[in-house]
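Please look over the fold shown here with attention to its strands and how they pair.

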Amino acid sequence: MKAVEVIGLSFQRPRQATPILDDIGLDLAEGETICIIGPNGAGKSTLVMCVLGLLRYAGGRVAIAGDDIATLSRVELARRAAYVPQGAHSTFAFSVRDIALMGRTAHFGSMSAPSSRDRRIADEALERTGIGHLRERRFAELSGGERQLVLIARALAQDAPFIVMDEPTSGLDLGNQRRVLAMIRELAQAGKSVLMTTHAPDQALNLNCRVGLLRAGRLVARGPAAEICDQPTMEALYGTPLTRLTNAERKGLAAYIPFL
Amino acid sequence: MRSLRAFPDSGWLLAAIALPSIAILALGSLMLGRYPLAPRVVLDALTSGLLGGHGQSVDAASTIVLMVRLPRVAAALLVGGGLSTAGLAYQNLFRNPMASPSLLGVSAGAGFGASLAIMAGQSPLVVETAAFGFGLVSVGVAILVDRAVGVRSIVTLVLCGMVMSALFQAFISLLKYVADPTEALASITFWLMGGLGKASGLDVAFLAAPVLVGGAILLLCSWRISVLALGEMEAAALGVDVAATRTIIIVCATAMSAAAVSVAGIVGWVGLLVPHMARMAFGLEPSRLTIATAALGGVFLLCMDDVARTIAPVEVPLGVLTAIVGAPFFLLLLLNSRRRGWA
């Protein structure tokens with residue numbers, strides 16, 4: 001049994017001729033990471049929402065640990081899949097610890113409050129992501145990179161085997177990008193299945209994971225990043241000529257940048 | 001502020017501290033008025049009245065305390081607590097620090113219902129019932145129109161609420177325009193400015209059911225309601241049944257504020273202001289914040305009502321007073337918010 005299985009997934013907005021997602025199929029084993037790479041508007045975020053059961057898809061099936069997510073309650077789903085959104089903003093001055101503790105929501109009764117065990121798990125998650133010292137700070141005051149780590153800590157506190165990240169490195173500087181990627185690798189090593197979206201093929205090469213190339217709602221290629229992310233494929237995906245940067249000391253790693 | 005935040009760590013401890021304070025404040029309020037009463041007299045009246053001192057001669061002091069001031073004090077606590085708790089839930093649901101209980105049109109609807117009943121020359125009980133009913137109707141229609149529009153977005157619901165508010169405000173103006181200026185118009189205008197001058201024991205019973213039941217439900221759901229402040233998608237991904245929680249909030253908040261408005265008239269600012277005061281003083285821990293909001297709301301409105309009935313020979317309309325005090329106070333909070341990062 002696969003940890004996560006997506007079969008023939010399609011999504012269409014009402015009164016629109018072309019589907020936003022068309023016949024998407026992918027699967028993830030335990031401890032496996034998959035990067036969904038694609039240009040803006042390819043449907044990456046929609047795919048994330050559908051896989052999490054946050055958008056009702058028109059056709060197909062998403063199964064986590066063998067169960068169709070359409071048959072799972074919100075609480076059951078939250079215990080199996082955690083969501084790391086693309087940045088977050090809170091209306092009120094929640095502390096970092098408040099935000100991490102909200103990851104425990106699916107683990108206590110709908111009319112109760114977190115126990116001391118829940119608080120301990122949330123604190124441990126913050127320590128694991130290396131931001132325990134920010135506990136008492138206000139979430140809204142943190143930098144983008146710190147906030148991303150808090151959201152990852154919240155997903156850890158949620159204690160789900162499957163973590164879905166929507167562009168976890170967008171808007172982060174290079175140091176924070178590395179930190180978040182290292183965290184993702186660690187999660188995978190700890191047995192979590194991770195699905196993340198990104199614009200940058202170098203991140204998939206860095207993680208040495210499988211990729212799925214998403215273009216106009218269709219998964220146009222799937223496979224190991226090293227095989228799929230070659231120059232002609234990337235140029236075709238983004239529809240622009242690119243330069244491939246490599247370094248002899250970092251075998252298997254490459255970055256693609258546009259040029260004028 | 002930090003020490004205050006750290007001190008009552010559970011909501012229950014806070015409640016244990018708040019209740020005696022409220023009791024003392026209520027006792028003080030019973031002493032105040034056109035005929036000031038000594039604490040001793042008030043306590044005697046209360047004990048003889050509540051412990052069933054039948055057969056004793058009913059003196060003027062007991063009548064004032066039991067029939068006039070006690071219902072009024074109880075009504076002030078319930079109206080203030082109810083409006084504030086409803087406002088807190090709405091600010092989370094709509095992710096908007098400026099949300100107030102009247103957002104979905106309950107006040108305007110209730111105002112229309114009351115005006116209509118006053119014009120028809122009905123009794124106070126009918127006026128109250130009409131206010132309560134039209135308050136519910138206004139919110140109900142807003143929800144139905146939102147469903148009909150079909151875009152599952154909280155913004156659409158807010159817009160529908162604004163439309164209902166505007167419509168019922170216009171209907172109120174129309175009623176005022178055609179009302180008999182010597183009788184009905186004066187009563188309508190007075191009712192709309194809010195006040196607890198006519199609060200009776202029956203009013204307290206009418207308030208207590210929705211406010212206490214609704215408040216208890218909102219307290220029980222307070223964790224989930226606070227997670228909703230992250231936004232619907234994130235809350236759902238964290239395991240919150242967003243549609244169910246939203247329904248619970250709207251039903252409870254509407255019942256609570258409709259009851260409050262039907263007894264007290266339009267009393268603005270409380271539901272907007274008090275949740276912010278509570279957040280600043282007691283932090284964001286959901287159950288503690290809910291209890292603090294309810295307690296502070298009751299205390300705030302009780303103090304306002306004490307001022308309303310003692311500051312001048314004639315009673316100052318309560319809604320006018322809460323606006324005069326609330327609006328600058330809110331501005332003060334806003335100026336402070338920069339430093340404290342509260343909003």
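## Terms and model

Two strands are counted as paired if DSSP finds at least two bridges between them, while helices (H or I, at least four residues) and strands (E, at least two) are DSSP runs, numbered from the N terminus. This is a predicted model, in which local features need pLDDT of at least 70, side-chain atom pairs count only at pLDDT 80 or more, and totals for chains, interfaces and linings use all residues. Residues are numbered from 1 along each chain as its sequence is written, and chains are lettered from A and ligands numbered from 1 in the order in which they are written.

## The antiparallel sheet

In chain A, 4 strands make up an open sheet with antiparallel pairing, in the order β2-β1-β4-β5. Its edge strands are β2 (21-28) and β5 (67-68) of chain A, each of which pairs on one side only.

Within chain A, strand β1 (residues 4-11) and strand β4 (residues 59-64) are paired in the antiparallel sense over 5 bridges, and A:Ser10 stands opposite A:Gly59 in β4(A).

## The mixed sheet

A further open sheet of chain A has 6 strands in the order β6-β7-β8-β3-β9-β10, and its pairing is mixed. Because β6 (81-84) and β10 (218-224) of chain A stand at the edges with a single partner strand each, one side of each is left without a neighbour in the sheet.

Strand β3 (residues 33-37) of chain A runs parallel to strand β8 (residues 193-198) of chain A, and 5 bridges join them; A:Ile34 has A:Leu195 in β8(A) as its bridge partner.
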